[in-house]
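This briefing covers the strands, helices and chain contacts of one structure. Please look through the sequence and the 3D view before reading the points below.

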Amino acid sequence: MSQVPQDLKYSKEHEWVRVDGDVVTIGITDFAQDQLGEVVYVELPEVGRSLAFDETFGVVESVKTVSDLFAPVAGEVVAVNEQLLEDNDNFTPDKVNSSPYEEGWMVQLRLENTADLENLMDAAGYTEHIG
Amino acid sequence: MFQDWKSFEEAISHQSWRVIMDEPKPGAWNMDADRFLLATVTRPVLRLYRWSSACLSLGRRQAQEVVELRQKLTGVCDVVVRPSGGGMLLHGLDWTYSVVLPGASRLSIGKAFQGITRWWANAFKALGAEVTIGEQGTRGQERQMMPCMERHTAGEILGPEGKLVGSAQARTKDVLLQHGSICHSRDNKLETQVFGGPLKTSALIDLGLGNCQASEFVAAFMTANSFSCYSIEDWREDELGKI
């Protein structure tokens with residue numbers, strides 16, 4: 001049974017969003033990491049880049065599959081999880097599997113439009129979405 | 001949401017596939033053609049192609065090694081980056097396939113990977129080859145350093161000497177592309193130049209399929225999997241202008 005924390009919001013593309021003022025933290029859900037399998041590589045955007053809603057902002061590679069990541073809200077990238085990046089001394093992409101909602105977070109965005117959050121699902125809606 | 005593989009397989013069996021059988025082309029063109037399909041397809045596509053010269057293809061995460069490898073392998077083979085994941089594959093004496101499926105990007109990765117490789121296993125069996133499906137995968141960081149043909153993922157097609165097909169996937173929001181290299185015969189000298197030694201793989205020539213033509217592989221793939229509706233459609237001029 002996949003974990004679906006109550007305090008987060010969720011996209012149909014299986015990303016979670018944690019809201020803290022006008023900054024949101026984004027990662028992929030426990031369900032998504034389970035479907036992907038062992039994550040071996042993550043590509044993330046540069047800090048400062050502006051992302052439109054639904055824009056591809058990176059990729060996650062697991063076993064033999066490269067999958068695009070999509071911005072669940074629009075905003076400017078203010079931080080990325082360096083631990084997931086290959087050129088980091090503490091390169092640990094498997095944090096996406098072992099701790100998808102904490103150490104496996106991917107990017108932080110400064111929200112462009114708080115109304116974007118209204119398009120996301122709550123925990124109950126996402127639980128229904130994944131069946 | 002992630003779809004159920006069986007339902008998807010049932011649905012796709014009623015769709016009209018496009019089949020593209022390309023003449024041998026350079027590595028960069030072959031990868032651009034796959035990227036074009038990944039970005040544009042609206043119906044299932046099976047593309048079967050060969051390579052006009054020896055070429056090492058790298059998985060997406062190995063892209064940063066491309067400059068160094070091109071220098072190291074100057075005069076030996078080309079080096080290109082695939083849109084998909086996985087390890088290094090040496091092309092030249094292989095058939096390469098691309099199965100491109102719109103509406104499939106939310107299928108479970110493991111089930112889709114195993115399902116598509118099973119389609120190929122069914123085709124090889126229909127042609128009379130004895131192949132099996134591997135159950136055990138190679139795990140951990142060790143796998144990242146190994147050539148694709150020497151590392152295993154559950155569901156891969158094996159012959160008597162080892163892996164016969166090295167496959168990997170790329171996914172966009174809607175489309176799944178799985179391509180794979182089907183080893184026709186081995187080139188121990190080239191493998192030694194590229195990998196430092198010959199690879200332990202199976203090959204079509206050892207399975208009695210060395211003389212099979214593209215059209216025979218395509219017919220076996222479609223018939224063995226009950227994909228009754230397909231048409232062979234070359235690239236259109238407007239598509240070639242965009243590749």
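Two strands count as paired if DSSP finds at least two bridges between them. The model described here is predicted. With that rule, three strands of chain B form an open sheet in the order S7-S8-S9, with antiparallel pairing. Another open sheet has nine strands and takes in strands from chain A as well as chain B.

- Strand S8 (residues 157–159) of chain B runs antiparallel to S9(B), and two bridges join them.
- Gly159(B) is found opposite Gly162(B), a residue of S9(B).
- Helix H4(B) lies across S7 and S8 of chain B, and runs at about 35 degrees to S8(B).

**The nine-strand sheet**

- Strands of a sheet pair through backbone hydrogen bonds, and the pairing is either parallel or antiparallel.
- The nine strands follow the order S4(A)-S6(A)-S7(A)-S10(B)-S11(B)-S6(B)-S2(B)-S1(B)-S12(B), and their pairing is mixed.
- Strand S4 (39–43) of chain A and strand S12 (230–232) of chain B are the edge strands, each pairing on one side only.
- On average, neighbouring strands of this sheet are turned by 15 degrees against each other, with direction ignored.
- Within chain A, strand S6 (residues 56–62) and strand S7 (residues 65–70) run antiparallel and are joined by six bridges.
- Thr56(A) has Phe70(A) in S7(A) as its bridge partner.

- Helix H4 (residues 109–126) of chain B lies across strands of both chains: S6 and S7 of chain A, and S1, S2, S6, S10 and S11 of chain B.
- The direction of H4(B) is at about 140 degrees to S10(B).
- Helix H6 (residues 214–224) of chain B also packs on the sheet, where it touches S1, S2, S6 and S12 of chain B.
- The direction of H6(B) makes about 160 degrees with that of S1(B).

**Where the two chains join in the sheet**

- Which strand of chain B pairs with S7(A), and in what sense? S10(B) pairs with S7(A) in the parallel sense, over three bridges.
- Val66(A) stands opposite Ala170(B), which is in S10(B).

**The interface of chain A and chain B**

- In total, 26 residues of chain A are in contact with 28 residues of chain B.
- The two chains bury about 2300 Å² between them, and 48% of this is on carbon and sulfur atoms.
- Gln35(A), Lys64(A) and Val66(A) supply 29% of the area that chain A buries against chain B, more than any other three residues.
- The interface has five salt bridges by the rule applied.
- A salt bridge is formed by the side chains of Glu13(A) and Lys173(B), at 3.9 Å from N to O.
- On the side of chain A that touches chain B, helix H1 (30–36), S4, S6 and S7 of chain A are the elements that give two or more residues.
- S7(A) gives the most to this side, with five residues.
- The residues of this side divide into eleven nonpolar, seven polar and eight charged.

Key
Residues numbered from 1 in each chain as written. Chains lettered and ligands numbered in written order. Predicted model: local features only at pLDDT ≥ 70, side-chain atom pairs only at ≥ 80, totals over all residues. Heavy atoms only, no water. Helix = DSSP H or I, 4+ residues; strand = E, 2+ residues; numbered from the N terminus. Axes fitted to C-alpha atoms, helices over the stretch in contact; angles between N-to-C directions. Contact = heavy atoms within 4.5 Å. Buried area = accessible area lost by both parts, 1.4 Å probe. Salt bridge = Lys/Arg side-chain N within 4 Å of Asp/Glu carboxyl O. Nonpolar A, V, L, I, M, F, W, Y, C, P; charged D, E, K, R; others polar.
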